[in-house]
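Please keep the sequence and the structure in view while reading.

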Amino acid sequence: MKDEIGNQIRERAHEFGTTTGRPRRCGWFDGVAARFSRRVNGFTGIAITRFDILDIMPTLKVCTGYKLNGKVINYFPANINVLAKCEPVYEEVPGWLTSTENVGEYKDLPAAAKNYVKRIEELAGCPANLICVGPAREQTIEKSPII
């Protein structure tokens, strides 16, 4: 996202190259790419990292499809040239506007945060096993066992 929200996320998450210092690209969750990646790679669960970065967002977006030549598609194009012509189709979901950085158990997350996780799981087609609410190891919530 090349806008103020993208900059805000980048700054909060310290998303800059370690060596070069160049800003990294930040964007909303892409459910189409996640579902494709799950299918291709065969993973059965996901980890959502730096969940706390979203704590200040009044609304969040998730990509649910791509617009291609005026039509909405819900699959990941096999051709890079076709993908380059796609525009993301976003669904807006409410944010939670409260800190999650000290939450230790999934049940204690705000309702809107749990709804966001549920939507990501639906789009990816697998459960979120881990949710990291900060950069420290002890800020990892085990939502469901990995094994």
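Does Asp 52 count as buried or exposed? At 6% relative accessibility, Asp 52 counts as buried, where buried means under 20% relative accessible area, exposed over 50% and partly exposed in between, with a 1.4 Å probe and protein chains only.

## Basis of the model

The model is predicted, so that local features need pLDDT of at least 70 and side-chain atom pairs count only at pLDDT 80 or more, while totals for chains, interfaces and linings use all residues. Residues are numbered from 1 along each chain as its sequence is written, and side-chain values use heavy atoms, with hydrogens and water left out.

## Salt bridges

Five salt bridges are counted, each being a side-chain nitrogen of Lys or Arg within 4 Å of a carboxyl oxygen of Asp or Glu. In one of them Asp 52 is paired with Arg 50, with 3.2 Å between the closest N and O atoms; Arg 50 is partly exposed, at a relative accessible area of 23%.

Glu 91 pairs with Arg 119, and here the closest N and O atoms are 2.8 Å apart. Because Glu 91 lies in strand E5 (residues 87-94) and Arg 119 in helix H4 (residues 111-124), this pair ties together parts that are 28 residues apart in sequence; helices (H or I, at least four residues) and strands (E, at least two) are DSSP runs, numbered from the N terminus. Glu 121 and Lys 143 also form a salt bridge, at 2.8 Å from N to O, and since Glu 121 lies in helix H4 and Lys 143 in the segment after strand E7 (140-142), the pair ties together parts that are 22 residues apart in sequence. Glu 121 is buried, with a relative accessible area of 15%, whereas Lys 143 is partly exposed at 28%. Through shared partners, salt bridges join Glu 91, Arg 119 and Glu 122 into one network.

## A loop residue

Ile 56 sits in the loop between strand E2 (46-48) and strand E3 (59-68), and is partly exposed, with a relative accessible area of 35%. Its C-alpha atom is 9.8 Å from that of Gln 8, although Ile 56 and Gln 8 are 48 residues apart along the chain.

## Pocket linings

The lining of the largest pocket divides into 16 nonpolar, two polar and three charged residues, whereas that of the second largest pocket has nine nonpolar, one polar and two charged. Here Ala, Val, Leu, Ile, Met, Phe, Trp, Tyr, Cys and Pro count as nonpolar, Asp, Glu, Lys and Arg as charged, and the others, Gly among them, as polar.
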